[in-house]
Amino acid sequence: CEIDEETWDLQTKLNKCPWLKDIKKLDKNVPEAPKIRVYPGDGKILVEWKRPYDNRMPITNYIILLYESFNKENGLKVTVSSDPKCKICEHEIGNLKNQVYYDVSVRAVNGVGIGPLSNIETVSPNGNNKHDDNMISIRELM
C-alpha cells in the first residue's frame, strides 16, 4: 500500500488503505530471530542461516556469538557478518580449539535495533587436538 519507497505514517496508511486496520504489524520493528545450522571443520565452524523477516526495515548486519559450552568464563567471541543482504547466509569462524564444544547463536540487526537470539547450536571442531598430535609423534618415535 506504499508507493516506491515512500513511507507513510500510520494514520495516512489507514486513510489510504483502510483494509490495513485488520493487519497487526504496520510499524517497523526489529528483525525476527534467524534459524541457524552449524557445521564443524578442522579448527573452525561454518554457521548457516536463512535471512529472517526484517519487519519492514532492512537488515544491516548479523551478530554471531560464540563461547565454549563448558567454560563460559573463557570468554565470548563476537563477530559481525559481512553480507547483510544474503538470502542464505553463512559465516566461518576460525582459530577454534578442536574437540572443544562451542555454543553458537546469531542475532539480526536493523535500523530499529537488535533482534532476538536465534536457536543455540552446540558444535565441536572435528580436527585432532594438539595433545593428540603430540601423542602420535611420541608413538611414532618408539
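# Questions on a predicted model

Reader: Is Phe70 buried or exposed?
Author: The relative accessibility of Phe70 is 76% in this structure, which is a predicted model. The cut-off for exposed is over 50%, so Phe70 counts as exposed.

Reader: How many helices and strands does the protein chain have, and in what order do the elements run?
Author: The protein chain has 2 helices and 7 strands. Read from the N terminus on, the elements run α-β-β-β-β-β-β-β-α.

Reader: What share of the contacts in the protein chain with a separation of 6 or more comes from residues 24 or more positions apart?
Author: The protein chain has 142 residues, of which 33% are buried. Among contacts with a separation of 6 or more, the share from residues 24 or more positions apart is 62%.

Reader: Which residues touch the most other members of the largest nonpolar core?
Author: The largest nonpolar core holds 18 residues, and those touching the most other members are Ile45, Val47, Trp49, Tyr62 and Val104. Two or more residues each come from strand 1 (36-40), strand 2, strand 3, strand 5 and strand 6. Beyond four places in sequence, Ile45 touches residues including Leu66, Ile93, Val104 and Val123.

Reader: How are the rings of Trp49 and Tyr62 arranged?
Author: The whole structure has 2 aromatic pairs. In the pair of Trp49 and Tyr62, the ring centres are 5.1 Å apart and the planes stand at 65°, so the arrangement is edge-to-face. This pair links distant parts of the chain, 13 residues apart, with Trp49 in strand 2 (residues 45-50) and Tyr62 in strand 3 (residues 59-68). Trp49 and Tyr62 are both buried, and the pair, with planes at 65°, is edge-to-face.

Reader: What arrangement do the rings of Phe70 and Tyr101 have?
Author: Phe70 and Tyr101 have ring centres 6.4 Å apart. This pair also links distant parts of the chain, 31 residues apart: Phe70 is in the loop between strand 3 and strand 4 (76-80), and Tyr101 is in the loop between strand 5 and strand 6 (102-110). Tyr101 counts as partly exposed, at 44% relative accessibility. The planes stand at 80°, and planes over 60 degrees apart count as edge-to-face, so the arrangement of Phe70 and Tyr101 is edge-to-face.

Reader: Which residues does Ser69 touch, not counting those up to four places away in sequence?
Author: Ser69 is in the loop between strand 3 and strand 4. With a relative accessible area of 8%, Ser69 is buried. The residues that Ser69 touches are Tyr101, Tyr102, Asp103 and Thr122.

Reader: Which residue has a side chain joined to that of His91 by a polar contact of 3.2 Å?
Author: His91 is in strand 5 (residues 88-93). At 14% relative accessibility, His91 is under the 20% cut-off and so counts as buried. Beyond four places in sequence, the contacts of His91 include Ile45, Trp49, Ile64 and Thr79. The residue whose side chain joins that of His91 at 3.2 Å is Thr79.

Reader: Which residues form the disulfide, and what is the angle about the S-S bond?
Author: The structure has 1 disulfide. Cys86 and Cys89 are joined, S to S 1.9 Å, and both are buried. The link of Cys86 and Cys89 is right-handed, and the angle about the S-S bond is 95°.

Reader: What is the phi of Asn95, and how far is the C-alpha atom of Asn95 from that of Asp42?
Author: Most residues other than glycine have a negative phi. Asn95, which is not a glycine, has a positive phi of about 60°. Asn95 is in the loop between strand 5 and strand 6 and is exposed, with a relative accessible area of 81%. Asp42 is 53 residues away along the chain, and the C-alpha separation is 9.4 Å.

Reader: What is the phi of Gln99?
Author: Gln99 is in the loop between strand 5 and strand 6. With a relative accessible area of 42%, Gln99 is partly exposed. Gln99 is not a glycine, yet has a positive phi of about 60°.

Methods
Residues numbered from 1 in each chain as written. Predicted model: local features only at pLDDT ≥ 70, side-chain atom pairs only at ≥ 80, totals over all residues. Heavy atoms only, no water. Helix = DSSP H or I, 4+ residues; strand = E, 2+ residues; numbered from the N terminus. Buried < 20%, exposed > 50% of the residue type's maximum accessible area, 1.4 Å probe, protein only. Polar contact = N/O pair within 3.5 Å; in protein donor to acceptor, adjacent residues only side chain to side chain. Contact = heavy atoms within 4.5 Å. Disulfide = S-S within 2.5 Å. Phe/Tyr/Trp six-rings, centres within 6.5 Å; stacked < 30°, edge-to-face > 60°. Core = buried A, V, L, I, M, F, W, Y, C linked by side-chain atoms within 4.5 Å.
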